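Please look through the structure below before reading my comments on it. I have kept them as separate points, so that each can be compared with the model in turn.

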Amino acid sequence: MHIPSFLAKSVFVTIVIVKIVGVAAQTSGGSIISTPGQSVTVDPRSFAVLGPNGRFRNSSTEVFNLTLTEPPFFQIFDSGFLNIIGSNPTFNIVSTNTSVLSFAREAPVYVPETDELFFTGFDPTQNVVSKISLADIETALRGSNTTTVNVPATPLSLPPSVQIANGGTGPYRSSIVFATFGTQNSPASVVLVNPRPPYNATVLLDNFFGRQFSSINDIKIHPTSGALFFTDPSIGNLVGLRPPPVLTNQVYRFDPATGAVRVVATDFQQPNGIAFSQDGKTAYVYIDIPLLHVYKYDVDQRSQVFLNRRVFAYADTGIPDGINLDAAGNVYSGCGDGVNVWSPDGVLLGIPDGINLDAAGNVYSGCGDGVNVWSPDGVLLEFISAARLVYNNSALDSCQTLSLLCIMRLTGPGFINAGSFISSLGVLAQNSVPSGSVFIDPRSFTVLGATGNFRNSSSTQFFNPTAFEPPFFQIFDPAFLNIIGPNPTFNVISSNDTVPLFAHEAPVYVQETDELFFVGFDPTQNVVNKINMTAVERALQEAEGTNVTAVNVPATPINVPPSVHQINGGTGPIGSSLLFVTNGMGLLPPSVVLVNSRPPFNATVLLDNFFGRQFNSLDDVKVHPTSRAIFFTDVSFGSILQIRPPPLLPNQVYRFDMATGVVRVVATDFQECNGIAFSHDGTVVYVYAHDRYRRLHWPQYHGPNKNRYNVYKFDVDPKSQVFTNRRVFAYADTGIPDGIELDAAGNVYAGCGDGVNVWSSEGVLLGKFFTGVTVANMAFAGDGRLVLLGGANVYLAKIAAKASKLAFA
């Protein structure tokens with residue numbers, strides 16, 4: 001949605017009807033044999049060269065109309081467009097309303113039972129929701145000899161919970177699903193609205209683990225799973241309608257039956273329109289200001305995360321907005337001059353100039369330049385808001401607004417129908433969960449309400465609706481019980497508040513001595529410790545039967561050589577040695593280093609440069625389970641924290657072969673990359689990336705993608721071991737995902753701002769080891785023992801999960 005600043009502008013609002021009937025003319029050799037009325041063929045070869053004195057367009061707000069044909073008309077660039085428009089397309093104005101700021105703008109949903117179309121306008125001071133009867137339109141057209149009729153639309157009075165509906169889909173169970181923008185005082189939400197009087201509404205979702213969405217824009221139902229997918233950009237804040245965003249701009253998947261909501265795509269400037277192919281295997285997302293691209297994704301058939309992002313199209317005029325597909329897979333997008341239509345391969349077929357032409361299954365959510373919807377009997381209802389919008393100093397200004405409602409008949413491709421909702425979430429009774437655990441049904445917090453206690457920070461406010469005293473196990477999915485088992489325990493096992501961060505990073509368990517090594521953080525010195533797990537077990541046994549829930553087994557500090565400074569990541573052991581990566585200090589270079597796990601703890605530096613250039617500040621490290629190569633992340637934290645010089649290299653992931661000395665980049669394009677972990681077979685890798693330190697230490701950093709706390713999933717190329725097919729795996733609701741580990745079943749653990757989050761291998765949040773403090777890293781100390789590093793405290797969770805068996809020679 002592109003919302004103009006609510007200036008005192010005159011608005012002319014009209015409704016148009018388009019009829020397309022018949023079969024397209026046959027083509028031969030790529031040449032169009034016949035052109036229907038109200039159509040113009042523009043051969044791309046005719047404007048390939050305009051010449052030095054040519055009339056070039058200097059702005060995308062200038063329409064491309066070489067023939068100077070009076071709109072509305074069909075602009076044909078490829079003969080395939082005839083299969084879409086047919087042989088007798090016509091346009092008619094069918095309704096006009098000049099009394100509302102923007103009468104026909106967004107969220108059209110056709111209800112076949114009543115033969116009515118619902119749609120929304122835009123007025124920041126009130127809801128503008130209307131419906132119009134298709135039967136009345138047909139009657140008016142049959143009785144008119146002119147190209148213009150005026151069938152009144154009926155305004156509706158909806159509850160206050162529906163604030164600036166911007167996307168629509170359905171009907172679902174005889175109701176309409178709206179996505180609302182929200183206001184300064186009302187959260188953005190997904191709402192179910194009864195299409196019959198009294199038009200009552202039920203809010204389905206208004207938060208992501210207690211944090212408000214930014215300004216929900218477009219929404220679609222997945223054709224096979226029935227889940228709701230919606231885009232959430234920060235446009236509302238840009239135009240002054242919403243508070244500053246507390247979430248990054250993303251695409252979410254929401255299952256109303258289970259209440260589960262998750263991120264499926266990220267790394268957007270401003271995501272807008274969204275649509276699926278008929279089989280649900282492909283998704284299209286429009287990214288607006290300033291990119292103006294339509295992107296195409298594959299949809300993972302299990303997790304439904306969006307994969308393999310690639311550019312699909314770039315609109316030559318205005319801002320692509322709503323997107324939809326016809327049954328043949330052609331892609332329609334509302335743009336600055338009407339609707340652009342591309343083939344499934346991204347070939348521009350044509351443009352219905354001056355209208356929005358679409359072919360969605362039962363709904364199309366467009367805006368700004370137009371919205372439209374196909375009804376199941378082949379009637380396409382369209383709303384066109386031919387608004388010219390400019391992006392200037394984070395504000396959208398409206399030069400002129402012309403809104404049209406169009407109707408069209410088509411004997412071409414069929415229409416895409418949404419599937420039914422599918423639910424698989426079991427329900428746990430609270431008395432069936434283990435001691436020290438709390439089950440939180442996601443459905444219990446999908447709606448907090450306009451006066452709800454929303455979280456305004458991901459780092460200082462935790463999601464603990466039961467107010468249970470930490471540490472405890474927070475269960476969101478019954479599958480988490482397979483991880484913690486029937487009798488889990490969760491205890492503090494060691495404490496030290498004399499150093500800034502006693503238990504921070506690089507946990508490495510050595511089975512032979514039953515010791516866990518870890519590091520703290522003190523910029524003036526190394527803080528390396530080990531703790532004896534046998535002593536921990538003894539202390540816990542002695543505390544059994546008492547009210548003691550915490551023990552304090554002293555950690556033993558160890559002295560490492562000066563070449564090992566500011567350790568931040570660790571893995572192993574490799575033989576009897578620990579593999580560490582260091583941040584470096586001042587001019588002391590970051591390095592990959594082996595440290596003997598036994599006295600005298602001697603160290604061997606394996607790598608400290610990339611072709612003569614120092615790394616920035618190495619963060620985390622893992623050994624690939626099959627190739628045994630070393631992979632590490634390198635970020636500019638050291639420079640941001642002023643303990644290292646300015647970076648000489650981008651923030652990247654490297655592969656290092658100890659045998660050959662060869663080092664290479666395997667993944668890049670990160671703000672700040674952090675934790676890393678491999679699946680047990682080494683075919684998949686997880687990398688955490690965020691922008692927290694950039695925002696903390698650079699207050700002027702206010703990009704639209706701030707608040708990014710994503711774990712990314714990659715495939716690992718079997719030959720080169722380059723990371724491929726980047727996709728979002730998870731978005732942490734609290735703090736920064738840091739260290740990452742996997743258990744033997746492939747579940748993914750990440751240290752976060754409130755403890756350790758655990759996701760299934762498909763990215764479903766199963767539960768949390770809730771500490772109420774940041775856990776930077778964790779490690780399995782053998783099967784069934786998970787050690788968490790929580791700053792002043794070391795925690796031990798005794799659970800059912802087994803450690804991933806990664807032994808290195």
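The numbered points below go through the basis of the model, its helices, its strands, its salt bridges and its cysteines.

1. This is a predicted model, in which local features need pLDDT of at least 70 and side-chain atom pairs count only at pLDDT 80 or more, whereas totals for chains, interfaces and linings use all residues. Residues are numbered from 1 along each chain as its sequence is written, and side-chain values use heavy atoms, with hydrogens and water left out.

2. Helix α2 covers residues 134-142, and its buried residues are L134, I137, E138 and L141; here buried means under 20% relative accessible area, exposed means over 50%, and partly exposed lies in between, with a 1.4 Å probe and protein chains only. Because the buried residues of α2 fall within an arc of 95 degrees when seen down the axis, they line one face of the helix; the arc is that of the directions from the helix axis to the C-beta atoms. Helices (H or I, at least four residues) and strands (E, at least two) are DSSP runs, numbered from the N terminus.

3. Helix α5 (residues 533-543) has M533, V536, E537, A539, L540 and A543 as buried residues. They cover an arc of only 165 degrees around the axis, which puts them on the same side of α5, while Q541 and E542 are exposed on the other side of this helix.

4. An open sheet of 4 strands has the order β39-β40-β41-β42 with antiparallel pairing, where two strands pair if DSSP finds at least two bridges between them. Its edge strands, each pairing on one side only, are β39 (567-574) and β42 (603-607). Within the sheet, β40 (residues 577-582) and β41 (residues 592-596) run antiparallel and are joined by 5 bridges, and S577 has N596 of β41 as its bridge partner.

5. Strand β34 (residues 489-495) has 5 of its 7 residues buried, so it is largely enclosed by the rest of the structure. It pairs in the antiparallel sense with strand β57 (residues 793-798) over 6 bridges, and the bridge partner of S494 in β57 is V794.

6. A search of the whole structure finds 18 salt bridges, a salt bridge being a side-chain nitrogen of Lys or Arg within 4 Å of a carboxyl oxygen of Asp or Glu. Among them, D218 and K220 meet at 3.6 Å, N to O, and both of these residues are buried. Another joins K622 to D620, with the closest N and O atoms 3.8 Å apart, and here too both K622 and D620 are buried.

7. Where does the pair of R443 and D441 stand? Its closest N and O atoms are 2.8 Å apart; R443 counts as partly exposed because its relative accessibility is 34%, whereas D441, at 16%, counts as buried. There is also a network of salt bridges that links R455, D733, D754 and K768.

8. How many disulfides does the structure hold? It holds 0 disulfides, where a disulfide is counted as a pair of cysteine sulfur atoms within 2.5 Å.
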